[in-house]
Amino acid sequence: MILRRGFTKQLSLETGINYTKRNFALSITDSAFIGKSDFTIIGYEIPLQGLIFLRVSDKIYMNASLGISWDMYPSNIATHDSYFWHKSKRNSIFQFASLANLGYEYRSAKSGFFYLGASYHLPLSYFYSSSIHYTPRQEIARINLRGNYLTVDFRYYFHETPLKPKKKKKKKKE
């Protein structure tokens, strides 16, 4: 869910809450066997972005935005089988990330805004540390997962009725 507050036709502020689901594949290869496992990391993000719009045509605008995100990772992850044990421990429950976005939107006066763009999410540090322990050789591997990603965004924004400026009331003279 994303909420946008437009200040002018060229400047807006966005915030909201996003649910992310990241799927990872783990592959262990040794001279004696090949093992595979999958795991998923769930996260929540609260972004705050400033947007600048450039008018391309009558109803089409290009936008660019920069901002930050407050990310939350609710749990650690563990998977296992008869030959390995894997654990991914979060770096912190909460952490910050930087955001960048570039896209185009079609603005309709009655139907709302239709948006197509791309976003980049870059955590300021790694978000999980994974360790793998497997049994024929009792070896341990450690990997820090960065958690950065690139998205293709298709969005729809409901039509927003512009706010009318408040009239200043004049004080009566007594």
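**Figure 1. Strand β6 and its partner β7.** Strand β6 (residues 77-80) and strand β7 (residues 84-90) run antiparallel and are joined by 4 bridges. Strands here are DSSP runs (E, at least two residues), numbered from the N terminus, and two strands count as paired if DSSP finds at least two bridges between them. Ile77 has Ser88 in β7 as its bridge partner. The model shown in every view is predicted, so local features need pLDDT of at least 70 and side-chain atom pairs count only at pLDDT 80 or more, while totals for chains, interfaces and linings use all residues. Residues are numbered from 1 along each chain as its sequence is written, and side-chain values use heavy atoms, with hydrogens and water left out.

**Figure 2. The largest nonpolar core.** A nonpolar core is a set of buried Ala, Val, Leu, Ile, Met, Phe, Trp, Tyr and Cys residues joined through side-chain atoms within 4.5 Å. Buried means under 20% relative accessible area, exposed over 50%, and partly exposed in between (1.4 Å probe, protein chains only). The largest such core has 14 residues, and those touching the most other members are Ile28, Phe39, Ile41, Phe84, Phe127, Tyr128 and Leu145. Two or more residues come from each of β3 (18-29), β4 (34-55) and β10 (128-134). The most are given by β10, with 3 residues. In soluble globular proteins, nonpolar side chains tend to be buried together.

Figure 3. Contact means heavy atoms within 4.5 Å. With neighbours within four places in sequence left aside, the contacts of Phe127 include Arg22, Phe24, Ile41, Tyr73 and Leu145. Leu26 lies in strand β3 and counts as buried, at 12% relative accessibility. Between Leu26 and Gly50, which are 24 residues apart along the chain, the C-alpha atoms are separated by 37 Å.

Figure 4. β1 and β2 pair in the antiparallel sense over 5 bridges, and a hairpin joins them through 4 residues. Leu3 stands opposite Thr15 in β2. A further 5 bridges join β2 to β4, again running antiparallel, and here Glu14 stands opposite Gln49 in β4. The covered face of β2 consists of Ser12, Glu14 and Gly16, and the uncovered face of Leu11, Leu13 and Thr15. Ser12 is buried, with a relative accessible area of 8%. Apart from residues up to four places away in sequence, Ser12 touches residues including Arg4, Gln49, Gly50, Leu51 and Phe53.

**Figure 5. Salt bridges.** A salt bridge is a side-chain nitrogen of Lys or Arg within 4 Å of a carboxyl oxygen of Asp or Glu. By this rule, the model holds 7 salt bridges. One of them joins the side chains of Glu14 and Arg4 (3.2 Å, N to O). Glu14 lies in strand β2 (residues 11-16) and Arg4 in strand β1 (residues 2-6), so this pair ties together parts that are 10 residues apart in sequence. Both Glu14 and Arg4 are buried. Glu45 and Arg22 form another salt bridge, with the closest N and O atoms 3.6 Å apart. This pair links distant parts of the chain, with Glu45 in strand β4 and Arg22 in strand β3, 23 residues apart. Both Glu45 and Arg22 are buried. In the salt bridge between Asp58 and Arg55, the closest N and O atoms are 2.9 Å apart. Asp58 counts as exposed, at 56% relative accessibility, and Arg55 as partly exposed, at 48%. Salt bridges that share partners join Arg4, Glu14, Glu105, Arg107, Asp153 and Arg155 into one network.
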